[in-house]
Amino acid sequence: MSLRGDYDPDNIFARILRGDVPSVTVWEDDNVLVFMDVFPQSEGHCLVISKASKARNLLEVEPKALGRLIGAVQRTARAVEKALNPDGVAVMQFNGEAGGQTVFHLHFHVVPRWEGREMKGHGHAPMADMDELRALAGRIATALD
Ligand code: 5GP
């Protein structure tokens, strides 16, 4: 799908929001959901999405929803730093297929990085063990301010 088009209400993140597809929640409030990426590029890779916005990408999102998303990204990155003690945290966001996007419900990636440890390629990481994801989500959630 290109940068332009209609929101698909059956995209995988919409289905996660509806509870049709299981996911491992880190935290949520009325506006955002933060959950573990099931194909993590590094240990602790989280995804941050809006519950209400039907924006497929950054170009479409309403400023208020974007503000809430960025606030949630910062809160998540701080908790990831506290819980997992990475050397860095990459925040990534892709727009349109040519821009590297594969799921067309706007989202931010929060990816902890460690010196000397390679990050797996975007779209090339194996599926994680669900028990490990649940344990990581619990550690990150405990570190939330
Ligand atoms: P994008 O390529 O659109 O920037 O990122 C989509 C992300 O969603 C990828 O990192 C991919 O691993 C993740 N993803 C795809 N399908 C699922 C799923 O069913 N559950 C979860 N938790 N993550 C998914």
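Is Glu62 buried, partly exposed or exposed?

**Before you start**

This is a predicted model, in which local features need pLDDT of at least 70 and side-chain atom pairs count only at pLDDT 80 or more, while totals for chains, interfaces and linings use all residues. Residues are numbered from 1 along each chain as its sequence is written, and side-chain values use heavy atoms, with hydrogens and water left out.

**The whole chain**

Show the protein as a cartoon and you can trace 3 helices and 5 strands, where helices (H or I, at least four residues) and strands (E, at least two) are DSSP runs numbered from the N terminus. Followed from the N terminus, the elements come in the order α-β-β-β-α-β-β-α. The radius of gyration of the protein is 14 Å, close to the 15 Å that the globule rule gives for 145 residues, so the protein is as compact as a globular protein of that length; this radius is taken over C-alpha atoms, and the rule is 2.2 Å times the number of residues to the power 0.38. If you turn the model along its principal axes, the C-alpha trace spans about 40 × 30 × 30 Å.

Of the 145 residues in the protein, 46% are buried, a word that here means under 20% relative accessible area, with exposed meaning over 50% and partly exposed lying in between (1.4 Å probe, protein chains only). Among contacts (heavy atoms within 4.5 Å) between residues at least 6 apart in sequence, 64% join residues at least 24 apart.

**First stop: His105**

Select His105, which is found in the loop between strand 4 (88–92) and strand 5 (107–113). With a relative accessible area of 2%, His105 is buried. Leaving aside residues up to four places away in sequence, the residues it touches include Phe13, Leu17, Ile49 and Ser53. Now show side chains, and look for the polar contact of 2.6 Å between the side chains of His105 and Tyr7; a polar contact is a pair of N or O atoms within 3.5 Å, where, within protein, one must be able to donate a hydrogen and the other to accept it, and residues adjacent in sequence count only if both atoms are side-chain atoms.

**Second stop: His107**

Next select His107 in strand 5, which is also a buried residue, at a relative accessible area of 6%. The side chain of His107 reaches back to the backbone oxygen of His105 at 2.7 Å. Among the residues that His107 touches, not counting those up to four places away in sequence, are Leu47, Val48, Met92 and Gln101.

Select Glu62, in the loop between strand 3 (46–50) and helix 2 (63–84). Here is the reply to the opening question: Glu62 is partly exposed, with a relative accessible area of 40%. Its side chain is joined to that of Ser53 by a polar contact of 2.8 Å.

Beyond residues up to four places away in sequence, Arg75 touches Trp27, Leu144 and Asp145. Draw a line from Arg75 to Val26, C-alpha to C-alpha, and you span 11 Å in space between residues 49 apart in sequence.

**Last stop: Gly121**

Finally select Gly121, in the loop between strand 5 and helix 3 (130–142), which counts as partly exposed at 34% relative accessibility. Gly121 and Phe35 lie 19 Å apart, C-alpha to C-alpha, and 86 residues apart in sequence.
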